[in-house]
Amino acid sequence: MSFQANEYFDGNVKSIAFQTATLPATVGVMEVGEYTFGTDAYEYMTVVSGSLTVRLVNTTEWKTYNAGETFEVEANSSFDVKVTVQTAYLCLYKK
């Protein structure tokens, strides 16, 4: 399998897709800004470096996740992200 590079939000979010031993994944970086992501699969997103302030769909609460912390997002959903410093992440997809 080859890597697949992805770019979103005018290049402010970039990721590389790959296959782990158990689940498909992406590793990427986000530039400072605010973004809304849609999901097709259930996602486990871990902050590798930096931090993400996240609001899950159907909630009004924002929660900040720092390096080493993980949050989960339901399939066929969306979530909002505020990024205040360049941030790296790892996302695993459960089909």
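Reader: Leaving aside its neighbours within four places in sequence, which residues is N6 in contact with?
Author: This is a predicted model, and in it N6 touches V13, K14, S15 and A17 once the neighbours within four places in sequence are set aside.

Reader: And is N6 buried or exposed?
Author: N6 is buried, because its relative accessible area is 18% and the cut-off for buried is under 20%.

Reader: Which strand is N6 in, and what does its side chain meet in the way of a polar contact with Q4?
Author: N6 belongs to strand β1, which covers residues 4–8, and its side chain makes a polar contact of 3.2 Å with the side chain of Q4.

Reader: Switching to the sheet of four strands, what is the order?
Author: The order is β4-β9-β6-β7 in an open sheet with antiparallel pairing; β4 (33–38) and β7 (63–66) are the edge strands, each pairing on one side only, and the twist from one strand to the next averages 30°.

Reader: How many bridges join β6 and β7?
Author: Strand β6, residues 51–56, pairs with β7 in the antiparallel sense over four bridges, and V54 has K63 in β7 as its bridge partner.

Reader: Now the largest pocket: how much space lies in there, and which residues are closest to its centre?
Author: The largest pocket holds about 480 Å³ of space, and of the 24 residues that line the pocket, Y8, T26, G38, E43 and Y93 are the closest to its centre.

Reader: Which strands each supply at least two residues of that lining?
Author: Those strands are β1, β2 (13–19), β3 (24–30), β4, β5 (42–49) and β10 (87–94).

Definitions and conventions:
Residues numbered from 1 in each chain as written. Predicted model: local features only at pLDDT ≥ 70, side-chain atom pairs only at ≥ 80, totals over all residues. Heavy atoms only, no water. Buried < 20%, exposed > 50% of the residue type's maximum accessible area, 1.4 Å probe, protein only. Polar contact = N/O pair within 3.5 Å; in protein donor to acceptor, adjacent residues only side chain to side chain. Contact = heavy atoms within 4.5 Å. Pairing = 2+ DSSP bridges. Axes fitted to C-alpha atoms, helices over the stretch in contact; angles between N-to-C directions. 1 Å grid on protein atoms, 1.4 Å probe; cavity = no way out; pocket = protein on both sides within 12 Å on 5 of 7 lines; lining within 4 Å. Points joined across faces, edges and corners; volume = space filled by probe spheres on them.
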